[in-house]
Amino acid sequence: MPFSPHMFRIAFMAAVTVIAATLPLKNSRADALVVDLSNHLVAITTGFTGTDVLLFGAVQNEGDIIVTVRGPDQDMVVRRKERTVGIWVNRESATFKNVPTYYASASNRPMDIIANDNVLRDYRIGLEHQRFIAATDITEVDQKAYRDALVRNMQNVGLFNQRPAKISFLSNQLFRTDIHFPANTPTGTYMINVYLIRDGRIASVKTTPLVVSKTGVSAEVYDFAHRYSALYGIIAVIIAVISGWVASVVFRKG
C-alpha cells in the first residue's frame with residue numbers, strides 16, 4: 001500500500017506526540033521545545049516547480065511560536081531607474097551587504113502582540129528588523145528608499161514573504177506550519193529558527209538547518225557552467241546557432 005503524504009504527516013505528528021509525552025516536568029529549568037522538519041533536503045531537479053516543507057513540534061507548556069527561515073547571505077545591488085528620452089535607464093545604485101537570498105516567517109498570532117519591537121529587533125525577527133547594511137555611502141533617506149525597493153523586489157519574485165504564514169496548534173502542545181519554497185529558490189544551507197515566547201520574552205530557541213540543492217542533470221549542468229564558464233558560453237552559442245539554422249531549414253521547406 002503506498003505511503004501517501006497525508007499518512008506521512010500523521011506519522012510525524014504521532015512521533016511528536018510520543019516525544020511530547022517524554023518532555024521534562026514543569027519545574028525543570030529549561031523550557032522544552034521539540035522541533036523537526038518533514039524533509040531536511042529540498043532537491044531541485046529539472047522539473048522543479050516549488051515545494052512545501054512541513055515544520056512541526058511540541059512545547060512543554062503553553063506559549064506562542066514564531067518561525068523564521070533565512071537563506072544564504074549575499075551582496076545585492078539595487079539600481080534606481082530614470083526615464084531619459086522615453087527610455088528607462090539605470091542611474092544611481094546602492095549595494096547592501098549580507099542580504100538573505102530567501103526570508104520567510106510564521107507565527108500563531110500577530111508578532112506585535114506576541115512580543116514588543118525591542119525583542120523582535122534584538123532577535124532580528126521579521127523583515128522590518130533585518131539589518132541590511134548599505135556598503136554605498138548614501139544618506140539615511142536614500143538608504144531607506146533603496147532598502148524598501150530591495151524588499152519589494154524580493155517580495156515580487158517570491159523570495160521574501162509579504163506577511164507571516166500561519167502556525168496552527170493541534171492542541172496546547174503540538175504545532176505545525178508549512179514552509180513554501182518557490183521554483184526560483186536559491187541553493188545553499190538555510191537556517192530555520194523556532195522561538196518559544198511567553199509573556200513577551202523568549203523562553204527557548206531551536207535552530208535546524210535545511211539544505212536546498214540541485215540534483216540530477218540540472219546539478220551537472222550547473223556545476224559545469226560554474227567550473228568551465230568560458231567553455232559553457234561557447235557551447236551555448238554553438239547550440240543557439242545550430243538551433244537557428246535548423247529552424248530556418250524547417251521553415252524554408254514548409
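This short talk walks through the aromatic pairs of one predicted model.

First, the ground rules. The model is predicted, so to speak of local features we need pLDDT of at least 70, side-chain atom pairs count only at pLDDT 80 or more, and totals for chains, interfaces and linings use all residues. Residues are numbered from 1 along each chain as its sequence is written, and side-chain values use heavy atoms, with hydrogens and water left out.

Now the overall view. The protein chain has 6 helices and 13 strands. These are DSSP runs, numbered from the N terminus: helices are H or I with at least four residues, strands are E with at least two. Of its 254 residues, 35% count as buried. Buried means under 20% relative accessible area, with a 1.4 Å probe and protein chains only.

On to the rings. Phe, Tyr and Trp rings (for Trp, the six-membered one) pair if their centres lie within 6.5 Å; planes under 30 degrees apart are stacked, over 60 edge-to-face, the rest tilted. That gives 6 aromatic pairs.

Take F132 and F160. Their ring centres are 6.3 Å apart and their planes meet at 20°, so this pair is stacked. It links distant parts of the chain, 28 residues apart. F132 sits in the loop between helix 3 (117-122) and strand 8 (133-134). F160 sits in the loop between helix 4 (140-156) and strand 9 (165-166). Both F132 and F160 are buried.

Next, F181 and Y190. How is this pair arranged? Edge-to-face, at 5.8 Å centre to centre and 85° between the planes. F181 has 0% relative accessibility, so it counts as buried. Y190 is also at 0%, so Y190 counts as buried. Together with Y102, they form one aromatic cluster.

Notes
Buried < 20%, exposed > 50% of the residue type's maximum accessible area, 1.4 Å probe, protein only.
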